[in-house]
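Thanks for asking me to look over this model with you. Please have the view open as you read.

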Amino acid sequence: MTDPRLQGRSVKRIAFSAEQIAHRVKELGDAVSDAYPDGELLVLGLLKGSFIFVSDLVREVSRPLQIDFLVVSSYGTETVSSGNVRLVYDPQAELRGHHILLVEDIVDSGRTLGRVMEVLREREPASIEVCALLDKKKATYLPHPPRFVGFDAPNEFLVGYGLDHAENFRHLPYIASLE
Ligand code: PRP
């Protein structure tokens, strides 16, 4: 399949179509709405990968909420984790006493999530849960695995719907592996 957004690369396989993603994001939004009957809810998106997912997810949540972001960098331009997780931008919002929903595009090794959860817990939120669109189910050691998961992800390098390869392909409306 050729797509003018792919800089001459070809899709090997579409893992999740735009329609599949939209359907599942709606279900996740409903689940989040049901899970928080009261209290202040702060949705924290992990940039950059979650920017499209957060945007779509919050529009499916039918309760009051606030939104902020954090920036964590771990992969650079490599396709495998370097193991270094850097906090580049801290949320400005008050976390103490708020329910925090941390939104990730993908949990791979779980290093990013583990480190970010440590940092956020120190700010004494009322609760903290994770919503990940994709989970490779490799991070079985995590003390606090994602409560909300969109899809189990295949063990392939995926791009699209926020996921990149060397900063490219984030704008694809579907999630795919490339040749
Ligand atoms: C990717 C992805 C997750 C993380 C998952 O982020 O968005 O945050 O890696 O990998 P892990 O479970 O092995 O830690 P990346 O560092 O590539 O930054 P990005 O969000 O800006 O693409």
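1. A word on the model first: it is predicted, local features need pLDDT of at least 70, side-chain atom pairs count only at pLDDT 80 or more, and totals for chains, interfaces and linings use all residues. Residues are numbered from 1 along each chain as its sequence is written, and side-chain values use heavy atoms, with hydrogens and water left out.

2. Do have a look at strand β6, residues 127–135. Strands (E, at least two residues) and helices (H or I, at least four) are DSSP runs, numbered from the N terminus. In β6, 8 of the 9 residues are buried, so the strand is largely enclosed by the rest of the structure. Buried means under 20% relative accessible area, exposed over 50%, and partly exposed in between (1.4 Å probe, protein chains only).

3. What does β6 pair with? Strand β5 (residues 99–107) pairs with β6 in the parallel sense over 8 bridges, and β7 (residues 148–152) does so over 4 bridges; pairing requires at least two DSSP bridges between the strands. Leu134 in β6 stands opposite Ile106 and also opposite Phe151 in β7.

4. Two non-glycine residues have a positive phi: Lys137, at about 60 degrees, and Glu167, at about 75 degrees. Lys137 lies in the loop between β6 and β7 and is partly exposed at 47% relative accessibility. Glu167 sits in the loop between β7 and β8 (175–178) and is partly exposed at 41%.

5. Finally, please check the cis peptide bond joining Leu47 and Lys48, with omega about 0 degrees. Lys48 is in the loop between β2 (41–47) and α2 (51–58).
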